[in-house]
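I open this notebook page to record what I looked up, entry by entry, and to keep each reading beside the place it came from.

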Amino acid sequence: MAEVKEIPKSDWAVHRYLYTRDISNAPVINLLLKQVDVIYQPRNEREVLEVLRIAKEEGATVVPRGAGTSGYGGVLPVKDIALLRLSRRKTIMIDFTRMDDFEIDEEKRLIECSPGAVWWEVEKKLNKKGLTLRVYPTSAPSSTVAGWIAQNGYGVGSLKYGGIAENVEKLRVADFSGVKEVEGKDLKYYIGMEGITGVITKAWVKVKEMEEMKYYGFHVSAKEANKIVFAGDHYAGLFLDSNYVKLKNEAFGTELPEKDTLMVATTEKLDGDESLGEEIWETRFYPMRVRRLGPGLVAAENVLPAESIPAYLNKLNKMIKKPHGSEIWYSKGRKGAVLSFIPSDERKFFSYAFTWFNSIRALKLAKSMRGVPYSTGFYLSSEAKLLFGGDYSELREYKRNVDPKGQLNPGKVFPVGVFPLAMGILQKVIP
Ligand SMILES: Cc1cc2nc3c(=O)[nH]c(=O)nc-3n(C[C@H](O)[C@H](O)[C@H](O)COP(=O)(O)OP(=O)(O)OC[C@H]3O[C@@H](n4cnc5c(N)ncnc54)[C@H](O)[C@@H]3O)c2cc1C
């Protein structure tokens with residue numbers, strides 16, 4: 001076992017507080033969270049296995065954490081009582097940020113990454129070899145490889161290459177019975193499962209050769225955007241509705257025309273505005289900078305068929321009374337991840353809490369238009385059945401087999417305890 005450095009007592013309270021937080025700040029929900037008992041930062045797989053061995057022996061729960069950017073509460077330690085358990089279990093947080101090395105296999109066009117490798121660090125090294133990631137999240141400057149895989153989702157490049165799930169070749173995972181390598185159809189037991197079936201200790205991800213890319217901007221409606229985005233073999237497509245452009249101008253100090261705007265990144269020649277396209281491309285990493293306008297932010301994120309998006313935006317804009325805006329990253333399979341932001345002052349408890357109801361309204365609206373929530377995590381475990389569809393029962397059964405005592409990231413992905421019940425009720429009562 002590696003040397004254990006104890007956090008000085010004076011710093012412990014701060015660390016424990018920070019490790020009960022992620023990028024989100026959901027009011028009331030904080031009451032369901034507990035402080036962690038141990039924070040462990042392993043440096044290799046052997047140490048991860050040692051932590052799992054101790055957790056098994058002690059009956060402790062294990063919460064894996066990358067950079068904490070997911071915003072669905074997946075990294076938050078949940079109180080046992082909130083999970084309807086009467087006995088208190090210790091919670092060990094495994095912070096993977098020290099396991100951040102990676103290797104590039106130029107011939108196979110693969111990267112072999114430790115879980116805490118940061119996407120943009122990987123990209124910078126790949127670029128030196130004339131290679132590039134096929135997909136990455138817009139949180140790439142800080143988020144980790146295993147964090148995004150465990151969370152699952154779409155990002156830059158998904159228009160051409162699909163979500164991260166379609167770009168993982170193989171995973172190495174650890175659970176209470178040891179380590180295994182999974183690939184092919186078995187990857188579904190780990191991608192998007194947020195560590196509830198085992199922790200990722202290594203990931204092999206597909207990369208590609210760099211190509212000369214052009215960025216085009218268009219002032220078009222969401223309906224027109226669908227036609228442009230899905231017409232060719234484009235790399236990435238991002239739509240900003242006029243409300244979002246307005247917020248962006250305020251937050252960034254830019255002077256973009258406050259109109260519906262589309263950016264397409266492509267190797268093809270298009271009849272669009274290159275300087276507009278480039279300006280939007282350059283700021284792709286900072287979608288949440290509008291948070292400073294709150295100060296604070298309430299977000300809603302749903303995936304919809306491209307055909308439903310124009311009507312969804314229309315209805316959403318009528319429904320949300322506060323200043324807000326939406327951006328859409330398009331993906332292969334004619335769909336788009338619609339991310340809507342409502343700046344809201346998080347220091348004002350009641351108005352901030354009520355603003356969160358808009359996320360629930362947006363979810364209900366998306367569901368009525370063949371949409372699904374972006375992810376489950378802790379906040380939306382009530383939606384797991386909808387999100388996993390026909391795989392739901394099989395995935396639950398797998399979870400029960402590898403983790404019969406529910407020690408791996410409890411309260412995440414599948415509905416357990418009081419919170420998913422409350423979410424179900426809220427969806428019924430909120431108009
Ligand atoms: C500015 C911003 C932009 C974003 N852009 C995108 C985007 O374009 N596309 C997108 O899909 N998401 C996006 N997100 C959401 C989020 O960044 C991604 O889901 C992200 O990649 C998560 O990585 P992370 O390292 O922060 O993971 P964390 O938030 O730390 O963890 C995510 C989940 O994975 C689990 N986990 C972490 N490490 C492991 C491991 N080794 N083994 C098993 N489970 C593990 C955690 O328990 C948690 O449930 C964005 C977020 C922000 C703040």
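**Model.** I am working with a predicted model, and I read every entry with that in mind.

**H9 against H10.** I then turned to helix H9 (residues 309-319) and helix H10 (residues 349-367), which pack at an angle of about 150 degrees with their axes 11 Å apart. Angles over 145 degrees count as roughly antiparallel, so I note H9 as roughly antiparallel to H10. The crossing of H10 by H9 is right-handed. On the H9 side I list Tyr312, Lys315, Leu316 and Met319 as making the contact, and on the H10 side Arg361, Ala362, Leu365 and Ala366. The residues of this contact comprise six nonpolar and two charged, with no polar ones. For the spacing of such positions I recall that an α-helix has 3.6 residues a turn, so residues three or four places apart point the same way.

**H6 and its cover.** In helix H6 (residues 222-229) I find Ala222, Ala225, Asn226, Ile228 and Val229 buried. Their cover includes helix H5 (158-161), strand S10 (214-218), strand S11 (236-240), strand S12 (261-266), H9 and strand S14 (325-331).

**Backbone checks.** Which residues does a cis peptide bond join? I find Gly294 and Pro295, with omega about -5 degrees, and I place Pro295 in the loop between helix H8 (274-282) and strand S13 (297-305).

Glu194 has a positive phi of about 55 degrees although it is not a glycine, and I locate Glu194 in the loop between strand S8 (178-183) and S9. Val413, likewise not a glycine, has a positive phi of about 70 degrees and sits in the loop between helix H12 (392-402) and helix H13 (418-429).

Are these residues buried or exposed? Glu194 has 27 other C-beta atoms within 10 Å and is therefore buried, and Val413 is buried with 27 such atoms within 10 Å.

**Leu386.** My last entry concerns Leu386 in helix H11 (residues 384-388), which I record as partly exposed because 15 other C-beta atoms lie within 10 Å. Its C-alpha atom is separated by 9.6 Å from that of Gly371, 15 residues apart along the chain.

Definitions and conventions
Residues numbered from 1 in each chain as written. Predicted model: local features only at pLDDT ≥ 70, side-chain atom pairs only at ≥ 80, totals over all residues. Axes fitted to C-alpha atoms, helices over the stretch in contact; angles between N-to-C directions. Helix = DSSP H or I, 4+ residues; strand = E, 2+ residues; numbered from the N terminus. Parallel < 35°, antiparallel > 145°, perpendicular 65-115°, else oblique. Left-handed = near helix turned anticlockwise from the far one by under 90°. Contact = placed C-beta atoms within 7 Å. Nonpolar A, V, L, I, M, F, W, Y, C, P; charged D, E, K, R; others polar. Buried ≥ 20, exposed ≤ 12 C-beta atoms within 10 Å, placed from the backbone.
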